[in-house]
Amino acid sequence: MIASLLSIRDLDRAGIERILAEAAVFQKDGPRITRKYPTLRGKTVVNLFYEASTRTRTSFELAAKRLSADVVNFTAGGSAVEKGESLKDTARTIEAMGVDLIVCRHASSGAPHRLHEWVSAGVINAGDGMHEHPTQALLDLYTMRQHFESFDGLRVAIVGDVLHSRVARSEIWGLQTMGAEVTLVGPPTLMPPQAEGWGVEVTPDVDAVLPKADVVYLLRMQLERMDAGYVPTLREYARLWGLDAARAAMLKEDAIIMHPGPMNRGVEIAADPAELPRSVITSQVANGVAVRMALLYLMLGGRDARAEVPVE
Amino acid sequence: MLVGLLNRGPDIAARLASKIEQIEGARPATGSLDIGLYRDDIGLREPSPLAPTSVPAVDGKVVVLVDDVLYTGRSARAALDAILDHGRPRAVQLAVLVDRGHRELPIRADYVGKNIPTRRREAVQVRLAEVDGTDEVLLGIEQPATEARA
């Protein structure tokens, strides 16, 4: 198994299947996973978060604790970062304390990759800038697997701000590894120019795509990035691309609706997502812990990574 | 209650339960236990694939752990930890089909199908009709690449 997860592309199909299989075992304990396993006793996981996060950080913390690893939470606010310490120095400081794995979120694309070059501990990318968020893709693949037996030929429509979305990139590449067909839908201003080289379909016409889709994956409109005039108004975005009850009615009977959260109600998704009967958004969150437990088990439960020559 | 250790244990437990039912007229409860997360060699080998555990409520019950081969005793040690995480049984016992010796921990079986003296470098493999298509116990010269879960 891999020692670090920087990109979903670090994993081949068999690697992703293995993670989904182990996650299913952890999941079987149910959402009330009350049992604590001694598996990772003596291992230390550092959550190094330079950006706000609720579900990702909490979910990594719970996953590590349920496997008996020690968890240290490090957020940029209230740390030496406020005194001007660089990422490199912070990483060295943390490493000197002897950690096995660093879970890193950073506003700059590629920060976890740099971190990986500086430290001997494993690194998990928990979201870097507009680049990738591989563990979100893994838990989404797991959620899709609960509803569809096979990814081969599965039609997934990713709707919204692909340009700024790290979730979208991991999602696309993960889905392609598994054999799914991906269509990107949204305003042309929010489609990355390089998308054509990704082997995906790109269209602005959401109403043409919805009736054919097995999975509708809604991306969060990143309001904090909306000053640059990508869309005229949020109301117009909601009218043209938002998934309301009327659009949800166009979906196939067994199609599912997903969203990585946090939601902008009334923008990319109906004000009351409960009116979307095929939404699996809450199970996405619930599945996050089991999937991250599987990942930690496979990354830290093998031969001591620090004793080995780096694979990459 | 009979609780089989994966992979071969649950099938042996089910057969024992059927035999007991024939004799006593009542079938004991059965369960299956995966000990992958409780092993003492985590960090020394690649992570083993996990399998779902399903164990009925154990509080106050006599639980008999069932495994195919008893060897070093390390699996039994892990199984003890795993079963105690499910509650507080009145007693825990151990039943094995084959005891091949070479214990590394102070553990003994309460019920043994057959004692087979072996050398350490020999491999003992139990095959069951349910999973392997045939009932047999194989003794080999070399340990197979994937070390027996004994």
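Reader: How many bridges join strand β5 of chain A to strand β6 of chain A?

Author: In this predicted model, strand β5 of chain A covers residues 155-159 and strand β6 of chain A covers residues 181-185. Strands are DSSP runs of E of at least two residues, helices are runs of H or I of at least four, and both are numbered from the N terminus. Two strands pair if DSSP finds at least two bridges between them. The two strands run parallel, and the number of bridges joining them is five.

Reader: Which residue in β6(A) is the bridge partner of A:Ala157?

Author: Residues are numbered from 1 along each chain as its sequence is written, and chains are lettered from A, with ligands numbered from 1, in the order in which they are written. In β6(A), the partner is A:Thr183.

Reader: Which are the edge strands of the open sheet in chain A?

Author: The sheet has five strands with parallel pairing, in the order β7-β6-β5-β8-β9. An edge strand pairs on one side only, and the two that do so are β7 (201-203) and β9 (256-258) of chain A.

Reader: Which element gives the most to the side of chain A that touches chain B?

Author: Contact requires C-beta atoms, placed from the backbone, within 7 Å; by this rule 15 residues of chain A are in contact with 14 residues of chain B. The elements giving two or more residues to this side of chain A are α1 (13-27) and α10 (281-300) of chain A. With three residues, the one that gives the most is α1(A).

Note on methods
This is a predicted model: local features need pLDDT of at least 70, side-chain atom pairs count only at pLDDT 80 or more; totals for chains, interfaces and linings use all residues. Two residues are in contact if their C-beta atoms, placed from the backbone, lie within 7 Å.
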